[in-house]
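These are my notebook entries on one structure, set down in the order in which I looked things up. The sequence and the structure come first, and the entries follow.

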Amino acid sequence: MPLDEVVFLLDVDNTLLDNDRIVADLDEHLGREFGRESRDRYWKIFEALRDEVGYSDYLGALQRYRIEDLTDPRLLMMSCFLVDYPFAKRLYPGAQDVIQHLGKWGPTVILSDGDVVFQPRKAKRSGLWDAVEGRVLIYLNKEQMLTEVESRYPARHYVMVDDKLRILAAMKSIWGDRLTTVFPRQGHYAFDADIIAKFPPADLTIEHISDLLNADLPTLLGFSEVGRHGAKQ
């Protein structure tokens, strides 16, 4: 495959898509349809499963919840709520414009963690899949898959936009000067004081994903050898 000058990698949850709002809607739905006790039980199963597999698996947690009560037909409608959720309404303002803006300089690629069913569905129904022309990578732990990412989208330089400093720091430790990390302060992880104190700051911190509409290529590459020596614009 041809070597691109720069490839833009974008996370989904709380980066392009307001996942905290989706979780709040799910929590409200669970409480209304199943009651507080059942709602709390679902989230307990969800957290235990996330600790086990390393990513959020909403449908997997629902399946485990179902094993505890095989006779409740409402669980079938619960899966419909998740699969048919209007994800496009939860895109952050300017998210699609940012993809188009960055695409002027290089390929834009969705790089996300998640399961093999719900996360692709989220990317598809939100419109993000089409916005990046099908360049979607979803792994269990994306920071461990950089060799695979590089083989699919080889580039001199990468720009990673993610709301989790842990992910950005892990990727920076591997790609080093070949990577510009961008940290949008959106979602609950981005405001967790313990996380912020634990990991080094990103190369570039922004308040909203739409702030990237004001960024030019020299700014995004200015943290690297590519930026210091010039790049195609």
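**Entry 1**

I began with S112, which is buried, with a relative accessible area of 1% (buried means under 20% relative accessible area, exposed over 50% and partly exposed in between, with a 1.4 Å probe and protein chains only). Before going on I noted that this is a predicted model, in which local features need pLDDT of at least 70 and side-chain atom pairs count only at pLDDT 80 or more, while totals for chains, interfaces and linings use all residues. Residues are numbered from 1 along each chain as its sequence is written, and side-chain values use heavy atoms, with hydrogens and water left out.

S112 belongs to strand β2 (strands are DSSP runs of E with at least two residues, helices are runs of H or I with at least four, and both are numbered from the N terminus). Leaving out residues up to four places away in sequence, I found that S112 touches D11, V12, Q119, L137, I138, Y139 and K142 (contact means heavy atoms within 4.5 Å). I then looked at the whole of β2, residues 108-113, and found six of its six residues buried. T108, I110 and S112 point one way from the strand, V109, L111 and D113 point the other way, and all are buried.

**Entry 2: the sheet**

Which strands make up the sheet, and in what order? I read an open sheet of six strands in the order β3-β2-β1-β4-β5-β6, with parallel pairing (two strands pair if DSSP finds at least two bridges between them). β3 and β6 (204-206) are at the edges with a single partner strand each, so one side of each has no neighbour in the sheet. From one strand to the next the twist averages 20°.

I went through the pairings one by one:

- β2 pairs with β3 (residues 136-139) in the parallel sense over four bridges, and L111 has L137 in β3 as its bridge partner.
- β1 (residues 4-10) is joined to β2 by three bridges and runs parallel to it; L9 stands opposite V109 in β2, and L10 has I110 in β2 as its bridge partner.
- β1 and β4 pair in the parallel sense over six bridges, with V7 opposite Y158 in β4.
- β4 (residues 155-161) and β5 (residues 179-184) run parallel and are joined by four bridges, V159 having T180 in β5 as its bridge partner.

I also noted that β1 is mostly covered, with six of its seven residues buried. Helix α9 (residues 165-175) lies across β1, β2, β4 and β5, and runs at about 175° to β5 (axes are lines fitted to C-alpha atoms, for helices over the stretch in contact, and angles run from 0 to 180 degrees between N-to-C directions).

**Entry 3: nonpolar cores**

Which residues have the most contacts inside the largest nonpolar core? That core has 48 residues, and the answer is Y42, L212 and L220 (a nonpolar core is a set of buried Ala, Val, Leu, Ile, Met, Phe, Trp, Tyr and Cys residues joined through side-chain atoms within 4.5 Å). Apart from it lies another core of 21 residues, among them V109, Y139, L168 and W175. For L220, I set aside its neighbours within four places in sequence and listed its contacts, including F8, W105, H157, V159, T180 and L212.

**Entry 4: aromatic rings**

I counted 12 aromatic pairs in the structure (rings of Phe, Tyr and Trp, the last by its six-membered ring, pair if their centres lie within 6.5 Å; planes under 30 degrees apart count as stacked, over 60 as edge-to-face and the rest as tilted). The ring centres of Y42 and W43 are 5.1 Å apart with planes at 75°, so this pair is edge-to-face. W43 and F46 also form an edge-to-face pair, because their planes stand at 85° with the centres 5.3 Å apart. W43 and F46 are three residues apart in helix α2 (residues 36-53), which means about one helical turn separates them. W43 counts as buried at 15% relative accessibility, and F46 counts as buried at 3%. Ring pairs link Y42, W43 and F46 into a cluster whose members also include F34, Y58, Y65, F81, Y85, F87 and F118.

**Entry 5: confidence**

The protein chain has a mean pLDDT of 91, and 94% of its residues reach 70 or more. Over residues 226-233 pLDDT stays under 50, and there the model has 18 contacts beyond four places in sequence.

Technical notes
pLDDT is the predictor's confidence in each residue, from 0 to 100.
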